[in-house]
Amino acid sequence: MGATSRSLSVRAFHTVRARVLLGVLAVTIPIYAGALYMSHEAGARRLEAGAERDADELAARLASEMDTVIRQIEGGIRTVAYQLEEVDSPESQYPQRIRGILAAWPDVYGSTIAVEVSPDSAHTEPFAPYYFRRGGNLRYSDLAKESYAYNEQPWYRSAVDGGAPVWSAPYYDRGGGETWMVTYSVPFFRKTDHGRVLAGVVTADLDLGAMRRAAASVSLGQFGMGWLASPPASESFVAPIGATAERSASLDETAIRAAGEAMLEEHDNFALLPPEVAAEPTYLAVRNLQTLQWRVMLAVPRDELLAEANGLLRRQTLWGVVGLLLLATAVWFVAAGVARPLHELAVAVGSASGDELSFHLPDGARRDEIGVLTDALRRLRDSLEDHIRLRAESLAEQARLKHELEVAASIQQSMLPTRDAARNLQAAEVAAALLPAREVGGDLYDYFAIRDGHLLFAVGDVSDKGIPAALFMARLSALLRVLGAEGHLPDRLLAGINARLVEGNDACMFVTVGCGVLNMSTGQIRYASAGHEPPLLREMEGRVRALAGENGAAIGIDALADYHLNEAFVAPGDTLVLCTDGVTEAEAEDGSLFGAERLIALLGEAPDGEPASVVRRIMDTVVAHTTGGFHATDDVTAMAVRFTPPGVEWRREDDGARWLLPVEPSAAGIRQALQRVRGILAARDVGPDRLHDAELIGEELLTNIVRHAGGAVRIAVECALTKGEFVFTVRDDGPAFNPLELDAVDLDASISQRRVGGLGVHLVKELADRCSYARSGDQNVLEISVLRAPAS
Amino acid sequence: MSLKITVVRSKPPTLALAGRLDTNTAPELDRELDKVLAGGRIERLVFDVASLDYLSSAGIRCFIRARKAIEPGGGKVAVVNPQPAVRKVLDIVKALPGGIFTSTAELDAYLDDMQRQVRDKD
């Protein structure tokens with residue numbers, strides 16, 4: 001489900017159209033912004049250059065205005081000085097001349113003619129009448145007061161010391177006109193015989209109000225503010241230009257003057273005021289007027305100056321945004337035209353999930369990449385649907401096969417003998433286990449009673465695993481049952497099975513079979529092997545050995561194969577073990593095989609030969625060997641058969657073993673007991689001669705006992721076996737009777753004299769190595785010892 | 001395993017015994033023996049025991065019975081071809097002193113010899 005929801009909901013930011021749009025905008029916006037910036041910068045530069053030109057023009061106009069005033073006054077005063085030199089008029093005419101100056105130039109505030117007092121001069125007394133305007137009238141003041149000492153004043157001394165006309169710096173006339181003024185001082189001389197001698201100084205005080213008015217009448221142009229300022233060394237006189245005074249409240253004129261001077265020192269005519277001077281970014285243009293070294297300073301707020309450029313910028317930005325919006329819309333729709341079918345495809349494909357992998361694709365034949373993609377997806381979907389259908393069919397087929405295999409396994413299991421089959425056996429215990437590597441396997445075990453108290457048992461291992469092996473195994477099982485029940489001995493049985501299985505065995509399967517028949521009376525084993533591992537015999541005492549014997553070819557290969565019948569005996573309590581190579585070749589994780597030695601050791605260590613526990617022990621150990629969990633390498637089969645004739649007891653002893661057999665007091669009972677004894681001795685490798693002797697001894701004794709007791713007697717034979725000898729202890733509860741004390745038979749008597757009977761006891765005494773009799777309680781106890789190897 | 005008796009009415013009559021001659025089977029031999037002995041005087045009787053695997057005292061009794069029936073009249077009972085175990089038993093009880101032959105040839109030679117003695121005596 002996670003995949004579905006992811007594919008169906010592409011976040012808006014990640015859609016194709018969004019990506020295209022963002023890509024276009026990411027390129028166009030910086031380009032347009034750059035263009036705007038450059039355009040604006042160019043406009044600003046142009047405006048700044050215009051402002052500078054305006055400043056130049058304004059400065060020129062102001063200089064001209066001022067020059068007009070200044071030149072008139074300079075010319076007039078210098079004319080007065082000239083006249084005073086040329087026409088040596090008396091001092092009494094000086095006031096008249098002064099009033100004439102004031103009358104001639106309304107901008108002149110006051111004027112004086114101060115005489116030079118010196119020995120060379122015609123004047124001996126200071127004389128300096130001063131007329132000035134006040135309230136529309138002329139007032140008179142005598143500067144020749146001792147307290148004033150005009151000849152020490154700057155306006156006097158600068159002209160005298162320089163010997164030339166000079167303008168004073170502006171000053172505020174405190175106590176006089178109470179106004180800003182500059183004074184023009186012109187020295188005048190008297191011609192004497194020694195040449196020209198300084199006679200005095202003519203001055204005119206120019207009221208700077210005239211300057212102020214002149215400045216105020218000048219238009220500022222695009223500048224918002226302007227000032228006319230006095231030269232730096234003087235007292236600071238600053239006159240606002242134009243309508244500056246109305247809007248310059250926020251600016252400190254002194255600070256602006258200082259900033260302007262600083263700019264001039266750096267030859268910088270046009271710059272932004274430092275922020276401590278003007279909070280609002282403001283341009284300042286500075287010009288030096290040649291006239292009197294005055295300065296013109298013009299200021300304009302940057303926003304005001306660049307208003308046009310800024311306005312243009314705003315309009316351009318506005319149109320730019322509109323243009324970008326139009327572009328974005330166009331791109332959006334173009335991208336959508338491309339992305340919509342893609343999105344439809346994504347939704348269609350994304351709707352497929354889980355088991356429902358089919359999806360509906362948009363119809364219509366496009367000839368672009370989308371069309372190619374749609375076709376490809378359609379083909380993909382179709383083949384996917386095919387695959388899914390095939391997979392479903394395959395799964396159904398698998399399920400059917402699995403079910404069939406389970407049934408087959410169950411059928412195969414039913415071919416194996418049930419536990420009840422083992423329970424019904426008279427003189428044997430059997431247990432077996434089969435662990436198939438797959439559901440069905442090629443291993444087989446079987447056992448069933450056949451004629452005359454015989455038990456047939458077999459273990460087979462088909463040369464493969466799985467179904468072919470199972471089918472072959474089924475044929476083997478059927479043949480084994482049918483031919484085995486006919487009573488054939490294992491050699492002929494295997495030959496018969498082989499002859500049938502070779503026929504039409506085109507698959508070249510083969511099977512190894514170990515097959516034996518146990519005579520449940522005597523313990524005789526007749527055994528044949530078709531390529532199978534020899535069975536192992538665990539003797540009751542714990543010794544384990546492989547049953548030697550001739551092996552034959554595996555079944556299914558050679559139609560003419562024949563098999564050798566091997567014979568052996570087992571004693572009561574002995575256990576025969578047959579395995580398939582799944583046991584010995586069980587492979588551990590490290591590759592080590594279970595091995596025959598391990599199996600032999602395992603059987604020897606078993607506490608007894610009880611088949612069920614022996615088989616369980618084998619299977620458990622094999623499974624544990626394959627690192628804790630059985631993994632299918634080969635079928636594993638083990639079968640154990642223990643010979644347990646009813647009534648017979650057995651016991652393991654330090655130096656051997658002991659069996660106790662009840663004997664039924666009849667000819668048949670004796671016969672059976674003798675067979676068992678013979679079987680026990682044969683199973684423990686007693687030679688044929690001694691077997692014969694033992695049987696003979698047993699028969700003579702038992703026959704005697706039965707005959708003597710007359711039938712109603714309980715007899716038991718104990719057979720003890722050590723390395724060197726075997727001892728029969730025969731107990732019966734008949735009347736006391738010691739057969740060893742019977743009269744000896746005269747063997748040398750002539751035939752007519754000779755007794756027919758009485759030979760049995762003689763035979764026993766002759767064959768046994770030791771005989772003894774005791775009456776123990778109500779039992780006769782006969783003990784007969786026989787050495788395994790005859791004494792001589 | 002039982003006893004198989006084959007009566008060969010040749011001269012001398014021969015009883016071929018196969019299998020076991022013991023307490024259980026001795027009565028069968030006794031019955032055959034009775035039939036043979038009932039047929040008239042017999043001078044010689046041969047037990048071919050080549051195939052006799054087992055012999056107990058009960059069987060020996062049969063041989064001694066035969067001897068008692070034949071030998072007092074000058075006849076002879078012979079056992080031929082005994083297996084070692086059977087021979088051993090026969091020897092222990094001295095069942096047929098001088099009457100055990102390891103092969104038919106030896107028996108024939110013995111019988112020929114006897115025949116000659118009888119002829120010479122005649």
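**Figure 1. Contacts along chain B of the predicted model.** Among chain B contacts between residues at least 6 apart in sequence, 62% join residues at least 24 apart. The model shown here and in the other views is predicted. Chain B contains four helices and five strands. Their order along the sequence is β-β-α-β-α-β-α-β-α. Of the 122 residues in chain B, 39% are buried.

**Figure 2. Helix α2 of chain B.** This helix covers residues 57–70 and has 14 residues. From first C-alpha to last, α2(B) reaches 20 Å, close to the 20 Å expected at 1.5 Å a residue. Is the helix mostly covered or mostly uncovered? Mostly covered: eleven of the 14 residues in α2(B) are buried.

**Figure 3. The loop residue B:K94.** B:K94 sits in the loop between α3 and β5 (100–101) of chain B. The phi angle of B:K94 is near 50°, a positive value in a residue other than glycine. B:K94 counts as partly exposed because 16 C-beta neighbours lie inside 10 Å.

**Figure 4. Overview of chain A.** Chain A has 18 helices and 29 strands. Buried residues make up 33% of its 792 residues. Of the contacts in chain A with a separation of 6 or more, 66% are between residues 24 or more positions apart.

**Figure 5. Helices α2 and α8 of chain A.** Helix α2(A) spans residues 16–86, and helix α8(A) spans residues 307–350. Their axes come within 9 Å and cross at roughly 165°. The two helices are therefore roughly antiparallel to each other. The crossing of α2(A) past α8(A) is right-handed. Which classes of residue make this contact? There are 23 nonpolar, seven polar and two charged residues.

**Figure 6. Helices α8 and α9 of chain A.** Here α8(A) meets helix α9(A), residues 369–415. The two axes come within 10 Å and cross at roughly 15°. That angle makes α8(A) roughly parallel to α9(A). The crossing is left-handed. On α8(A), the contact is made by A:P341, A:L342, A:L345 and A:V349. On α9(A), A:I370, A:L373, A:T374 and A:L377 take part. By class, this contact has seven nonpolar residues, one polar residue and no charged residues.

**Figure 7. Helices α11 and α12 of chain A.** Helix α11(A) runs over residues 466–485, and helix α12(A) over residues 490–502. Their axes come within 10 Å and cross at roughly 135°. From α11(A), the contact takes A:R475, A:L476, A:L479, A:L480, A:L483 and A:G484. From α12(A), it takes A:L493, A:G496, A:I497, A:R500 and A:L501. Seven of the contact residues are nonpolar, two are polar and two are charged.

**Figure 8. Where chain A touches chain B.** The contact takes 21 residues from chain A and 19 residues from chain B. Three elements of chain A give two or more residues to its side: α16 (667–683), α17 (688–709) and α18 (759–767). Which element gives the largest share of that side? The answer is α17(A), with seven residues. The side of chain A that touches chain B has seven nonpolar, six polar and eight charged residues.

**Figure 9. Helix α18 of chain A and its surroundings.** In α18(A), the buried residues are A:L759, A:G760, A:V761, A:L763, A:V764 and A:L767. What do they pack against? Within chain A, the partners are α17, β28 (770–776) and β29 (779–787). In chain B, the partners are α2 and α3 (84–92).

**Figure 10. The loop residue A:D685.** A:D685 lies in the loop between α16 and α17 of chain A. Its phi is positive, about 65°, although A:D685 is not a glycine. Is A:D685 buried or exposed? A:D685 counts as exposed because it has 8 C-beta neighbours inside 10 Å.

How values were computed:
Residues are numbered from 1 along each chain as its sequence is written. Chains are lettered from A and ligands numbered from 1 in the order in which they are written. This is a predicted model: local features need pLDDT of at least 70, side-chain atom pairs count only at pLDDT 80 or more; totals for chains, interfaces and linings use all residues. The expected span of a helix is 1.5 Å times one less than its number of residues. A residue is buried if 20 or more other C-beta atoms lie within 10 Å of its own, exposed if 12 or fewer, and partly exposed in between; C-beta atoms are placed from the backbone. Axes are lines fitted to C-alpha atoms, for helices over the stretch in contact, and angles run from 0 to 180 degrees between N-to-C directions. Angles under 35 degrees count as roughly parallel, over 145 as roughly antiparallel, 65 to 115 as roughly perpendicular and the rest as oblique. A crossing is left-handed if the near helix is turned anticlockwise from the far one by less than a right angle, and right-handed if clockwise. Ala, Val, Leu, Ile, Met, Phe, Trp, Tyr, Cys and Pro count as nonpolar, Asp, Glu, Lys and Arg as charged, and the others, Gly among them, as polar. Two residues are in contact if their C-beta atoms, placed from the backbone, lie within 7 Å.
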